Amino acid sequence: MADEKEVLLTLEHAKKSFGENHVLRDISLSVEKGQVVAIIGPSGGGKSTILRCATMLETLDDGRLAYGDLVVCENGTYGSKEVQQQAKMRFGLVFQDFNLFPHYTVLKNVTDAPVTVQKRNKEEVEAEAMVLLKKMGLEGKENHVPCELSGGQKQRVAIARALAMKPDVLFFDEPTSALDPELTQEVLKVIRELAEEHMTMVIVTHEMLFARDVADYIVFMEHGVIVEQGPATQVIDNPQQERTKAFLRKYE
């Protein structure tokens, strides 16, 4: 490759079991700067577990996890608390059920972590947050609390909150699964715009057309293994593996 792309996330030979249930069986995946990777596959295939391990909500039993040059886990052994803390500054995570603080205003939800965790200047963070909220179509909602918002608005607040940390990589765990079709389109539009701005993203999704249109790269998972991966149009429009073909037929 002539111009080496910067790799922001590396997972190598990742394994994770819950008791007898082997959820990740030797998963290797890397994400380059500016790349949008969609992880698709049937429920229970290990998609969300990849995200939970990559964001350290779960620990790997074995394998390697690195953010750029920062090695978080090697052969299942994790680095110091300091290393893990540094890694957490490099990614943002948007959950399917929003996970907003119910008693905080929209503005406080977005600004809290940059101010308390990153120790950044409050006025500066608030100014940036107002720009983010406008970009998310939430102008005028900054003093609302989550119960006053629609599901689509809550998810857009969650995206703004993740972006406020200025992450290298943004993870989405089925960001539209809790939303009805109209609100789903609102959220997908925001993610599409972020893709156009070359935000590095890893998205677990059941939205196949969206995955084909927005992702550069698709990973199809089933039973804890990567069955097929490659450029989005190739995997969605011309899958090579029978299991991928059978899965995609349900979405035709």
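How much space lies in the second largest pocket? The answer is about 350 Å³. Keep in mind as you explore that this is a predicted model.

**Helix 5 and helix 6**
- The crossing of helix 5 past helix 6 is right-handed.
- On the helix 5 side, the residues in contact include Arg156, Ile159 and Leu163, and their partners in helix 6 include Leu183, Val187 and Leu194.
- Sorted by class, this contact between helix 5 and helix 6 has 7 nonpolar, 4 polar and 2 charged residues.

**The largest pocket**
- Its volume is about 620 Å³.
- The lining has 20 residues, and those closest to the centre are Lys88, Phe91, Leu93, Ala113 and Met165.
- Helix 2 (81–88), strand 7 (91–94), helix 3 (106–116) and helix 5 each give two or more residues to this lining.
- By class, the lining of the largest pocket has 12 nonpolar, 5 polar and 3 charged residues.

**The second largest pocket**
- Here 17 residues form the lining, with Met208, Leu209, Ile236, Tyr251 and Glu252 nearest the centre.
- At least two lining residues come from each of helix 6, helix 7 (208–214), helix 8 (232–237) and helix 9 (242–249).
- Helix 7 gives the most, with 4 residues.
- The lining of the second largest pocket has 8 nonpolar, 2 polar and 7 charged residues.

Technical notes: Residues numbered from 1 in each chain as written. Predicted model: local features only at pLDDT ≥ 70, side-chain atom pairs only at ≥ 80, totals over all residues. Heavy atoms only, no water. Left-handed = near helix turned anticlockwise from the far one by under 90°. Contact = heavy atoms within 4.5 Å. Nonpolar A, V, L, I, M, F, W, Y, C, P; charged D, E, K, R; others polar. 1 Å grid on protein atoms, 1.4 Å probe; cavity = no way out; pocket = protein on both sides within 12 Å on 5 of 7 lines; lining within 4 Å. Points joined across faces, edges and corners; volume = space filled by probe spheres on them.
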